[in-house]
Amino acid sequence: MNSKPDNNDSADRPMIRVQNLYKQFGEINAVNGISFQVNKGETYGLLGPNGAGKTTTMRMLSALSPLTSGSIEVGDMNVSERGREVREILGVVTQHDGHDSGLTVLQNLTLHGYLEGLSRKKSKERAIEVLTFFGLEDRQSSNVYELSGGMKRRLAISRALLTQPPVVVLDEPTTGLDPQSRNRVWEQLAVMKRAGVTVLMSTHYMEEAATLCDRLSIMDHGKILAEGAPDDLVEEHAGQEVAQVRTSSDSALSELRDRLAETSFRLIEVGAIATVTSQNGKRPDVSGIAGVRATFRPGNLEDVFISLTGRELRDE
Ligand SMILES: Nc1ncnc2c1ncn2[C@@H]1O[C@H](COP(=O)(O)OP(=O)(O)OP(=O)(O)O)[C@@H](O)[C@H]1O
Ligand SMILES: [Mg+2]
C-alpha cells in the first residue's frame, strides 16, 4: 500500500476548529465560551436570534477581529497567528456589504479576482459566470450604488465565490433577498457542497438552516445551547410532532398544565400560543381535557429554540 499518513491525517482533520472561544466588548460577553468543529465538505450553521454572537464569531474566524481568548484553526492554520493566509483560502460574505464605490458591477468583480491572483482574462470569465448564475448579467455595467439591496447581496455572494475558495463563510447570506434570489443562493450552495466546499453560515431563518445545514449550533447570548443535525435536534428537543394548543378558559389551561407536569411533555407558552413539545419522540397526549383543542404539526427548529430558551427565534 502506498499510504501517505500525513495526507490521511489532513483529510481527517476538521476544516474548522473553534475551541473555548470568547469575545468581550467592554462588559458585553458577545461570545461566551463556544467550541465547535466543521468537517471538510460540511455545511455548518449558526442559528440564533439578534445579538446571539453569530457575526462576532464569524468575524474572528475570518481574521477580521481579534479573539479575546480561545483558539480558532482553519485548515492547519491558527487564525491569530496566520490571519492573512487564512483569509486567502476563505470566501467571506459579511453581514453588511462593503462594495467599492465608483466601479461597475463587472469591474468590481474583475478587480477582486485579479487582486486575489486570477489572470485578468480568467477573472473576467469567472465574473461573468457568477453574475449569470445570480441573475445579474444584465446589470454588469451598472454602478454598484445603483443596485437594489437584494442585488447588492447577490453581488457580495458572487464576489465571495469568484475565486472558488475551499472554505466559505456566509453571514446571513439570504437576509433581504426575495424568494427567487434566495433559491438561487440555496442552489449555489448545493453546487458548492457537491464540489466539496466547506461552508460556515449564519442565519435566523430556521427553514434555511434545516434545508442547508448538515449540522448546526443553536446560539443565544454568546453560548451554544445545542448542536447536531437539524432532524436530530428536532427529535431530541421538540419531538417529530408537536401540539399547538388552544384553551377556552384559564381552568382548562391549568388542568392541562397539571396533566403535563407529571409527564416528559412540556407546555411552552409564548404570547397567545401554547405549544406542547416532547423529549421522548412520542406524540403529546392532550386528549380528554374539556376546553382544550389541539392541532398537531411537525416539530421544527423554532420549537427547539423555544423549548431551550422559552423565547421565539423570530423567524420573520
Ligand atoms: N463592535 C462592537 N462593539 C460593541 N459591542 C458589539 C460589537 N459588535 C457586536 N457587539 C455586541 O455583541 C453581541 C453579539 O453581536 P453579534 O453581531 O455577534 O450578533 P449576531 O448574532 O450576529 O446578531 P444579528 O442576528 O443581529 O446579526 C451584541 O450584544 C452586540 O451588541
Ligand atoms: Mg449578525
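Trainee: What makes β6, β7, β8, β3, β9 and β10 one sheet, and what is its pairing called?

Mentor: Two strands pair if DSSP finds at least two bridges between them, a strand being a DSSP run (E) of at least two residues and a helix a run (H or I) of at least four, both numbered from the N terminus. The 6 strands follow the order β6-β7-β8-β3-β9-β10 in an open sheet, and the pairing is called mixed. β6 (90–93) and β10 (223–228) each have a single partner strand, so they stand at the edges and one side of each lacks a neighbour in the sheet. On average, neighbouring strands here are turned by 15 degrees against each other, direction ignored; axes are lines fitted to C-alpha atoms, for helices over the stretch in contact, and angles between N-to-C directions run from 0 to 180 degrees.

This is a predicted model, in which local features need pLDDT of at least 70 and side-chain atom pairs count only at pLDDT 80 or more, while totals for chains, interfaces and linings use all residues. Residues are numbered from 1 along each chain as its sequence is written, and chains are lettered from A and ligands numbered from 1 in the order in which they are written.

Trainee: How do you know that β6 is joined to β7?

Mentor: The cut-off is at least two bridges, and 4 bridges join β6 to β7 (residues 167–171), with the two running parallel. Valine 93, for instance, has leucine 170 of β7 as its bridge partner.

Trainee: Which strands of this sheet does helix α7 touch?

Mentor: α7 (residues 179–194) packs on the sheet and touches β3 (43–47), β7 and β8 (198–203). Contact means that the C-beta atoms of two residues, placed from the backbone, lie within 7 Å. The direction of α7 makes about 150 degrees with that of β8. Another helix, α11 (residues 301–309), lies across β3, β9 (215–220) and β10, at about 40 degrees to β9.

Trainee: Which residues of α9 are called buried, and why are they said to line one face?

Mentor: A residue is buried if 20 or more other C-beta atoms lie within 10 Å of its own, exposed if 12 or fewer do, and partly exposed in between, with C-beta atoms placed from the backbone. In α9 (residues 230–237), Pro230, Leu233, Val234 and His237 are buried. Down the helix axis they fall within an arc of 100 degrees, so they line one face; the arc is that of the directions from the helix axis to the C-beta atoms. An α-helix has 3.6 residues a turn, so residues three or four places apart point the same way. The face turned away carries Asp231 and Asp232, which are exposed. The buried residues of α9 pack against α8 (206–212), β9, β10 and α11.

Trainee: Why is histidine 221 called partly exposed?

Mentor: Histidine 221 has 15 C-beta neighbours inside 10 Å, so it counts as partly exposed. Histidine 221 sits in the loop between β9 and β10, and its phi is near 50 degrees, a positive value in a residue other than glycine. Glutamine 164 has 13 such neighbours inside 10 Å and therefore also counts as partly exposed. Glutamine 164 lies in the loop between α6 (149–161) and β7, with phi near 50 degrees.

Trainee: What makes β1 and β2 a pair?

Mentor: β1 (residues 16–25) and β2 share 8 bridges in the antiparallel sense, against a cut-off of at least two.

Trainee: What makes a residue part of the shell around ligand 1, and which come nearest?

Mentor: A residue is near a molecule or strand if its C-beta atom, placed from the backbone, lies within 6 Å of it. There are 13 residues around ligand 1, and Phe25, Ala30, Asn50, Thr55 and Thr56 come nearest. β2 (28–38) and α2 (54–61) each supply at least two residues of the shell, and α2 gives the largest share, 3 residues. The shell divides into 4 nonpolar, 8 polar and 1 charged, where Ala, Val, Leu, Ile, Met, Phe, Trp, Tyr, Cys and Pro count as nonpolar, Asp, Glu, Lys and Arg as charged, and the others, Gly among them, as polar.
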